Amino acid sequence: MTDELVTRDATEQDRDAVVSLLTAAHGLSVRDAQAWDWLFRGRLGRYVVADAGDRLAAQYALLPVRVRHRGAVIDASLSLDTATHPDFGGRGLMTDLGLLAYERSGSDLVFGFPNPKSAWILYNRLGWTELAPFPLLVKPLAGIVRAVTGTRIRLPRRKSTLPVEQFDRFGSWADHIWDANAERLGTSVVRDSDHLNWRFADAPHTYERFVSYAGTDPAAYAVLRTVPWRRGRVSYVMELAGLPGAESEAADALGAAVAAARDAGSAGVAAVATHRDPLLGTLRNAGFRPAPARVRVGFSFGNRTIGGLSEHTDLKHLDNWYVTAGDFDHI
């Protein structure tokens with residue numbers, strides 16, 4: 001580390017300087033103050049910066065995440081918001097800060113979804129392993145014409161007759177769905193109601209949440225996010241989950257999400273699903289197909305293991321993970 005820079009732990013007072021750093025590093029506003037507070041306020045124990053005095057030269061952030069692996073919940077770290085100011089490039093700051101953050105995290109598993117700028121350093125300098133191919137699925141919609149040409153095709157609005165409702169927050173029923181599936185998901189971020197409410201109800205982003213019922217009881221849910229893309233929009237199925245045996249109810253929730261994407265004029269709907277996903281067949285039946293390689297460019301998933309987990313080779317194989325878009329859209 002160079003003499004003019006001070007390496008230190010991040011504080012909540014760094015928020016505005018971090019937003020400026022991320023904007024300078026990536027050329028666009030990837031994190032505003034509200035989103036930074038949601039992610040990091042009270043969670044800064046694994047976040048380090050290189051301070052140049054009048055601004056931040058670089059940072060490496062880790063977010064504590066509960067991950068279920070081999071039947072036990074472990075303390076893992078999600079890597080995100082790596083950034084180096086253009087004026088301080090070529091000094092190895094990301095490598096130095098990454099190693100320091102890993103040491104201070106105390107966790108044996110670090111994982112993330114690096115952008116192309118970060119991926120090379122993670123996989124070549126910081127001991128990460130890429131888990132490929134990235135499990136992106138896509139379903140084109142009529143909005144693809146507008147996104148590519150700027151011409152809108154108007155379709156009649158179809159009123160859903162599915163037994164599906166929109167809702168605001170996840171209740172104990174979401175815990176029941178998680179508990180019923182956890183054993184067969186392999187390695188996965190814990191998706192109980194606390195996590196789901198933080199991710200999709202408390203986040204400063206707009207999500208649509210759909211729940212379908214078996215009788216009077218919630219049996220499956222889907223979460224949708226729609227964002228600008230080219231000249232139009234694209235939607236992501238952030239989560240799709242249901243009780244074992246509730247594939248029909250899951251299909252109903254997914255159908256409601258796709259209908260909402262269509263009504264929003266989306267060019268298509270994307271989802272992320274590994275072979276561990278119990279509802280992979282439901283997605284395929286709904287017309288989701290593996291994205292072409294050219295579409296997957298820029299998407300990456302990988303991890304770094306140390307300590308006792310370094311011998312867990314199952315962590316280095318994609319098919320042993322349960323991953324969704326909900327694991328990374330906030331990154």
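**Stop 1**

Select arginine 70. This residue sits in the loop between strand 3 (56–69) and strand 4 (72–84). Helices (H or I, at least four residues) and strands (E, at least two) are DSSP runs, numbered from the N terminus. Is arginine 70 buried or exposed? Arginine 70 is exposed, at 53% relative accessibility. Buried means under 20% relative accessible area, exposed means over 50%, and partly exposed lies in between (1.4 Å probe, protein chains only). Now check the backbone: phi of arginine 70 is near 50°, a positive value in a residue other than glycine. Most residues other than glycine have a negative phi, and most peptide bonds are trans.

Before moving on, note what you are looking at. This is a predicted model, where local features need pLDDT of at least 70 and side-chain atom pairs count only at pLDDT 80 or more, while totals for chains, interfaces and linings use all residues. Residues are numbered from 1 along each chain as its sequence is written, and side-chain values use heavy atoms, with hydrogens and water left out.

**Stop 2: along strand 4**

Select aspartate 81, which is found in strand 4. Aspartate 81 is not a glycine, yet its phi is positive, about 60°. Aspartate 81 is buried, with a relative accessible area of 6%.

**Stop 3: over to strand 3**

Select alanine 57, in strand 3. Its relative accessibility is 0%, so alanine 57 counts as buried. Which residues does alanine 57 touch, not counting residues up to four places away in sequence? Among them are Leu5, Leu21, Ala83, His85, Phe88 and Leu93. A contact here means heavy atoms within 4.5 Å. Thr84 is also one of the residues touched by alanine 57. Draw a distance from alanine 57 to threonine 84: they are 27 residues apart in sequence and 5.9 Å apart in space, C-alpha to C-alpha.

**Stop 4: helices 1 and 2**

Select residues 15–26 for helix 1 and residues 33–40 for helix 2. Their axes come within 10 Å and cross at roughly 115°. Axes are lines fitted to C-alpha atoms, for helices over the stretch in contact, and angles run from 0 to 180 degrees between N-to-C directions. Helix 1 and helix 2 are therefore roughly perpendicular to each other. Angles under 35 degrees count as roughly parallel, over 145 as roughly antiparallel, 65 to 115 as roughly perpendicular and the rest as oblique.

Helix 1 passes helix 2 in a right-handed crossing. A crossing is right-handed if the near helix is turned clockwise from the far one by less than a right angle, and left-handed if anticlockwise. Show the side chains: Arg15, Asp16, Val18 and Val19 of helix 1 meet Ala33, Trp36 and Asp37 of helix 2. The residues of this contact divide into four nonpolar, no polar and three charged. Ala, Val, Leu, Ile, Met, Phe, Trp, Tyr, Cys and Pro count as nonpolar, Asp, Glu, Lys and Arg as charged, and the others, Gly among them, as polar.

**Stop 5: helices 3 and 4**

Select residues 93–105, helix 3, and residues 116–124, helix 4. The two pack at an angle of about 65°, with their axes 11 Å apart. Their crossing is right-handed. Met94, Thr95 and Tyr102 of helix 3 make the contact with Ser118, Ile121 and Leu122 of helix 4. That contact holds four nonpolar residues, two polar and no charged.

**Stop 6: a cis peptide bond**

Select alanine 132 and proline 133. A cis peptide bond joins them, with omega about 0°. Proline 133 lies in the loop between strand 6 (129–130) and strand 7 (136–140).

**Stop 7**

Select valine 272, in strand 13. Valine 272 is buried, at 4% relative accessibility. Its contacts include Phe134, Pro135, Leu136 and Val323. Next, select threonine 274, in the loop between strand 13 (266–272) and helix 9 (280–285). Threonine 274 is buried too, at 3% relative accessibility. Threonine 274 touches residues including Pro135, Trp321 and Val323.

**Last stop: confidence**

Color by pLDDT, the predictor's confidence in each residue, from 0 to 100. The protein averages 92, and 92% of the residues score at least 70. Where does pLDDT stay under 50? Select residues 145–151 and residues 153–161. Where pLDDT is low, the predicted coordinates should not be read in detail.
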